[in-house]
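Visitor: I am new to this one. Could you show it to me and take a few questions?

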Amino acid sequence: MQAHASGAQIYVCREATEGKPSWVLEAPEAQLRDQKGTIIGRHYAGPTWKHNDGSEISGKATANVDAPDANAIPWLLVTATSHSGQGVLSRVASIQRIHTKGGQPPSASQCNSATLDQRRQSSYTADYYFYAPAK
């Protein structure tokens with residue numbers, strides 16, 4: 001299955017271990033659309049993808065590569081870590097995120113002691129491919 005996502009990557013300004021604040025990804029928040037443009041689900045914290053049929057999958061990034069566009073978030077390979085519900089996502093083993101546009105965190109200079117705990121949204125789009133073993 002393939003889905004096109006459009007939404008935002010949400011970042012929060014946090015105190016880093018070395019004492020210098022930096023932007024940390026809190027969660028994505030995006031709508032998933034099929035090839036006709038119909039909303040078929042959503043993508044949110046976890047990372048989690050939920051289809052309108054009630055099936056849901058969460059995963060963990062296992063590989064990434066820089067996007068061809070330096071202003072875009074990386075392309076990812078995500079391995080499924082949990083499933084719920086019955087439907088098109090119930091057997092998915094891995095998810096690939098490619099064709100990303102946007103989504104990078106705000107500039108480092110915008111995260112400082114005065115902006116700690118503030119959130120910023122960065123618009124993005126991406127294509128997600130969901131892979132399941134053959135039946």
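Guide: First a term: a disulfide is a pair of cysteine sulfur atoms within 2.5 Å. This is a predicted model, where local features need pLDDT of at least 70, side-chain atom pairs count only at pLDDT 80 or more, and totals for chains, interfaces and linings use all residues. Residues are numbered from 1 along each chain as its sequence is written, and side-chain values use heavy atoms, with hydrogens and water left out.

Visitor: How many disulfides does a search of the whole structure find?
Guide: The link to look for joins C13 to C111, with 2.0 Å from S to S. It is right-handed, with 90° about the S-S bond. The search of the whole structure gives a count of one.

Visitor: How many residues apart in sequence are the parts that C13 and C111 tie together?
Guide: Strands are DSSP runs of E, at least two residues, numbered from the N terminus. C13 lies in strand 1 (residues 2-15), and C111 lies in the loop between strand 7 (94-102) and strand 8 (119-131). The pair therefore ties together parts separated by 98 residues.

Visitor: Are C13 and C111 buried or exposed?
Guide: Buried means under 20% relative accessible area, exposed over 50%, and partly exposed in between, with a 1.4 Å probe and protein chains only. By that rule, both C13 and C111 are buried.

Visitor: In what order do the eight strands close into a barrel?
Guide: Two strands pair if DSSP finds at least two bridges between them. Strand 1 and strand 2 (residues 21-33), for instance, pair in the antiparallel sense over 12 bridges. There, E15 stands opposite P21 in strand 2. The barrel's pairing is antiparallel, and its order is 1-2-3-4-5-6-7-8.

Visitor: What is the angle between the planes of W49 and Y128?
Guide: Rings of Phe, Tyr and Trp (its six-membered ring) pair if their centres lie within 6.5 Å; planes under 30 degrees apart count as stacked, over 60 as edge-to-face and the rest as tilted. W49 and Y128 are 5.7 Å apart, centre to centre. Their pair is edge-to-face, at 65°.

Visitor: Which strands hold W49 and Y128?
Guide: The two residues are buried. They tie together parts 79 residues apart in sequence, because W49 lies in strand 4 (residues 48-51) and Y128 in strand 8.

Visitor: Which residues form one aromatic cluster?
Guide: W49 also pairs edge-to-face with F130, at 6.2 Å centre to centre and 85° between the planes. Both W49 and F130 are buried. The cluster consists of W49, Y128 and F130.

Note on methods: Helix = DSSP H or I, 4+ residues; strand = E, 2+ residues; numbered from the N terminus.
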